[in-house]
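Here is a note for a colleague who is opening this structure for the first time. Please keep the viewer open while reading.

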Number of protein chains: 2
Amino acid sequence: MARTQGSRSEITGPLIREKSRKLFARHGYAAVSMRQIASAVGVQAGALYAYTADKQALLFQLLESHMQTLLAAWQDDATADPLTRLERFVRFHIDFSLDHSDAVFLSYMELRNLTPENYRAIAALRGRYEALLEGILRDGIEAGLMRIADRKLASMALIAMLTGVTTWYQEGGRLDRRRIGDIYWSLTRGAVGAD
Amino acid sequence: MARTQGSRSEITGPLIREKSRKLFARHGYAAVSMRQIASAVGVQAGALYAYTADKQALLFQLLESHMQTLLAAWQDDATADPLTRLERFVRFHIDFSLDHSDAVFLSYMELRNLTPENYRAIAALRGRYEALLEGILRDGIEAGLMRIADRKLASMALIAMLTGVTTWYQEGGRLDRRRIGDIYWSLTRGAVGAD
DNA sequence: GTCTATAGGCCGATAGAC
DNA sequence: GTCTATCGGCCTATAGAC
């Protein structure tokens, strides 16, 4: 990966994020050295510090941009039928999680390696996402379409269930994504008492 | 924690496991040094190697004994009503996960730091546990008490949902364990189509 | 923006004394 | 079983040249 000296910030910046995301997800934040990241990018370790203050800032940037991307990607239609909105959320969450499985894994697993203020920032973004699902459940209950004992707990439980798909899904496995979405939607519909 | 020289294998062994479990869960396997573990135990780093071949063996021992404890703790009654068995499983899994949250977190997060053969051993134990739930679902379906599109997927989805309780539960929080069990059982009963 | 070189420090694991 | 001391190595981050 070694290459000649030169300036290519428009390439190196995204590449640092891509390679560190993959390496952190595979081996863990603490286990990956700046030298390994630099090697994967094709620069020397010192060059990384032109893009990031330190290793911690690199991790935070990965998690923060992941959560922002997630929040931006979800487009709800609050005027639609709550069950239709919930089904869309289920399929969206599964697809997004599988499309960004490294970042999803990081966002769950490396929270403890964030400084306290960085942790609070990510937790707040996560709370916003959970609140989006909770809003759908609230509307569904009010419309008499769902029966749920505790909205907040149900939101977290459903998100944990849906995100879990990343732990076993394999491209080209027994089930394709459409079928997986069908099955999880069936489980979700039952869980919220919509049958 | 420093103490005088002496032989106390019956104390040091369990203490090493207890302290390393806690440190690994809090900071991650790779981030914790043998010196830190030794310091928490109250010995010098070299002394640890009288109990474990290396750091990897220590991690494996923690995960393996956790899975064995889990499998030994679950007592099913295959002659009972499948819905009763499922409810017992839900409450058991939540309680066990909360009682062993450090080990649960480790078992999910440090799998990638196991050598390939150690990984296979843990994955096999995990598969045995999932199969126990799958058996309950199978019996429930055959008895016409449950409606599930895919037993294997439903087992993994339910376990992910239930284990998720460890990410937000706080002792003395809004809900006590009994109430949490009620809510998750309600979600589970709906998810398996038992309403 | 990237390089080389390096500072200052911690790492896992082992040897040998007690 | 535990200690002290240490080997050889890798770590993050910075300095200064180009």
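The numbered points below go from conventions to domains, interface, core and salt bridges.

1. **Conventions.** This is a predicted model, where local features need pLDDT of at least 70, side-chain atom pairs count only at pLDDT 80 or more, and totals for chains, interfaces and linings use all residues. Residues are numbered from 1 along each chain as its sequence is written, chains are lettered from A and ligands numbered from 1 in the order in which they are written, and side-chain values use heavy atoms, with hydrogens and water left out.

2. **Record annotations.** UniProt, in an unreviewed entry, gives residues 10-70 of chain A the annotation "domain: HTH tetR-type". The feature "DNA-binding region" is placed by UniProt, again from an unreviewed entry, at residues 33-52 of chain A. UniProt positions follow the numbering used here, feature names are shortened, and annotations may be inferred rather than shown by experiment.

3. **Shape of the annotated stretches.** Residues 10-70 of chain A are 69% helix and 0% strand. Their end C-alpha atoms lie 24 Å apart. Residues 33-52 of chain A are 40% helix and 0% strand, with 14 Å between the end C-alpha atoms. Helices (H or I, at least four residues) and strands (E, at least two) are DSSP runs, numbered from the N terminus.

4. **Two domains in chain A.** Domain 1 spans 9-52 and domain 2 spans 58-191. The bounds come from an automatic or database domain assignment. The domain centres, taken over C-alpha atoms, are 28 Å apart. In contact (heavy atoms within 4.5 Å) are 11 residues of domain 1 of chain A and 10 residues of domain 2 of chain A.

5. **The domain boundary.** About 1,000 Å² is buried between domain 1 of chain A and domain 2 of chain A, and carbon and sulfur atoms give 72% of it. Arg21(A), Ala25(A) and Tyr29(A) supply 48% of the area that domain 1 of chain A buries there, more than any other three residues. Buried area is the accessible area (1.4 Å probe) that two parts lose on being put together, summed over both. The two domains of chain A have 0 salt bridges between them. A salt bridge is a side-chain nitrogen of Lys or Arg within 4 Å of a carboxyl oxygen of Asp or Glu.

6. **Chain A against chain B.** Here 34 residues of chain A are in contact with 34 residues of chain B. The chains bury about 3,000 Å² between them, 67% of it on carbon and sulfur atoms. Tyr108(A), Arg112(A) and Leu153(A) supply 22% of the area that chain A buries against chain B, more than any other three residues. The count of salt bridges between the chains is 4.

7. **Glu110 in both chains.** Where is Glu110(A) found? Glu110(A) sits in the loop between helix H5 (101-109) and helix H6 (116-142) of chain A. Glu110(A) counts as buried because its relative accessibility is 0%. Buried means under 20% relative accessible area, exposed over 50%, partly exposed in between (1.4 Å probe, protein chains only). Beyond four places in sequence, Glu110(A) touches Phe24(A), Gly28(A), Tyr29(A), Leu59(A) and Arg112(B). Glu110(B) forms a salt bridge with Arg112(A) (3.6 Å, N to O).

8. **The core.** The largest nonpolar core has 121 residues. Such a core is a set of buried Ala, Val, Leu, Ile, Met, Phe, Trp, Tyr and Cys residues joined through side-chain atoms within 4.5 Å. Tyr184(A) and Tyr184(B) have the most contacts inside the largest core. Beyond four places in sequence, Tyr184(A) touches residues of chain A, including Val90(A), Ile94(A) and Trp168(A), and also Leu153(B) and Ala157(B). In soluble globular proteins, nonpolar side chains tend to be buried together.

9. **Salt bridges.** Asp76(A) and Arg85(A) pair at 2.9 Å, N to O. Asp76(A) is partly exposed at 32% relative accessibility, whereas Arg85(A) is buried at 5%.

10. **A pair in chain B.** Arg91(B) forms a salt bridge with Asp182(B), the closest N and O atoms being 2.8 Å apart. Arg91(B) lies in helix H5 (residues 82-99) of chain B and Asp182(B) in helix H9 (residues 177-191) of chain B, so the pair ties together parts 91 residues apart in sequence. Arg91(B) is buried at 17% relative accessibility. Asp182(B) is partly exposed at 26%.
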